[in-house]
Each structure stands twice: as structure tokens, then as C-alpha cells.
Amino acid sequence: RLGRTGRAGKSGRCILLLHDFEEYFLRQLQDLPLERIPSSSAFPGAPAPPDALWQPHPKSAGQAYQAWLGYYNSAKGLGWPKDKLVREATRFAASIGGLGNDGLPPPILKKTVGQMGLRGVSGLNIVSHLPYSD
């Protein structure tokens, strides 16, 4: 979310961090004076990020993965075909340390896949019961 940074006619500045797959958001901000700065030059001297920022519990990783899929599946203006959406979701899962030892993304219920309109799309780890159900 990019909030207001200037109020009552005053100017303001902000930093908007986007993942590479979120560049389509920039189309919504065309009327703003944006300056693109590569992350390598935006934070000079910063240490490289760790391979995994956290060690998620499988349930947390699964919930984050499913939320990501749901959000980007319905995002207006993205325009991705379903197979690309699933590939990018798997890349997201990898970025949060959510891939299983088998390299698969977190499991997702068959029912949820149907509700998202993703039936028949390869790359999903479809199950009838989640291994971490309450």
C-alpha cells in the first residue's frame, strides 16, 4: 500500500518496494513523478539478504501461498495466464522457504483449486486434506 505522504497541499516522498512481478502496479501510478532505483544502488553497503528470511511453519507457508495465489489470481490488470500465475506462486513460495523437500509448493485443497478457477493447471500440489489441518 502506498499511502499519502503529503497533506494539505504539501509535498511528500516515499519509497515503494516492488517485487519484479509487481511492476504492473506502476501503471496505476503513471501520474506520479517516479524514479526507479535498483535495489543494489538504493542500499549501498547493505549485506546480502539471507537465503531464507524465516523458517516458516508448514501451515504458515501454506496460508501465505494460498493468500498469494488468491490475491494475484483476482488482481486487476495483471493479465497473466493461469499457468504463469502458478509458476510465479511457486517462485513466491520458494522465496519464503515454503517449498517442500520434494520441491513442490505447499499443498492446496482440491476444493480451493476449483474455487480459484485453477482446475487442470499444472504445478499445483493438490490434496484432499491438508497435512496441518486443525
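Where do Trp-68 and Tyr-72 both lie, and how many residues apart? Both are in helix α2, four residues apart, or about one turn of the helix. Some friendly notes on that region follow.

1. A word on the basis. This is a predicted model, in which local features need pLDDT of at least 70 and side-chain atom pairs count only at pLDDT 80 or more, while totals for chains, interfaces and linings use all residues. Residues are numbered from 1 along each chain as its sequence is written, and side-chain values use heavy atoms, with hydrogens and water left out.

2. α2 (58-74) has 17 residues and reaches 24 Å from its first C-alpha to its last, close to the 24 Å expected at 1.5 Å a residue. The expected span is 1.5 Å times one less than the number of residues. Helices here are DSSP runs of H or I with at least four residues, strands are runs of E with at least two, and both are numbered from the N terminus.

3. The buried side. Ala-61, Gly-62, Tyr-65, Trp-68, Leu-69 and Tyr-72 are the buried residues of α2. They lie on the same side of α2 because their arc around the axis is only 130 degrees, taken from the directions from the helix axis to the C-beta atoms. Buried means under 20% relative accessible area, with a 1.4 Å probe and protein chains only. Their cover includes α3 and β1 (107-109).

4. The aromatic pairs. Rings of Phe, Tyr and Trp (its six-membered ring) pair if their centres lie within 6.5 Å; planes under 30 degrees apart are stacked, over 60 edge-to-face, the rest tilted. The count comes to four aromatic pairs. Trp-68 and Tyr-72 make a tilted one, at 4.4 Å centre to centre and 40 degrees between the planes. Trp-68 counts as buried because its relative accessibility is 7%, and Tyr-72 is buried at 8%. Trp-68 also stacks with Trp-80, at 6.4 Å and 25 degrees. That pair links distant parts of the chain, since Trp-80 sits in the loop between α2 and α3, 12 residues apart from Trp-68.

5. The core. A nonpolar core is a set of buried Ala, Val, Leu, Ile, Met, Phe, Trp, Tyr and Cys residues joined through side-chain atoms within 4.5 Å. The largest has 22 residues, and those touching the most other members are Trp-68, Leu-69, Tyr-72, Leu-85, Leu-118 and Leu-124. α3 (82-95) is among the suppliers of at least two residues, and gives the most, with five.

Note on methods: Buried means under 20% relative accessible area, exposed over 50%, partly exposed in between (1.4 Å probe, protein chains only). Contact means heavy atoms within 4.5 Å.
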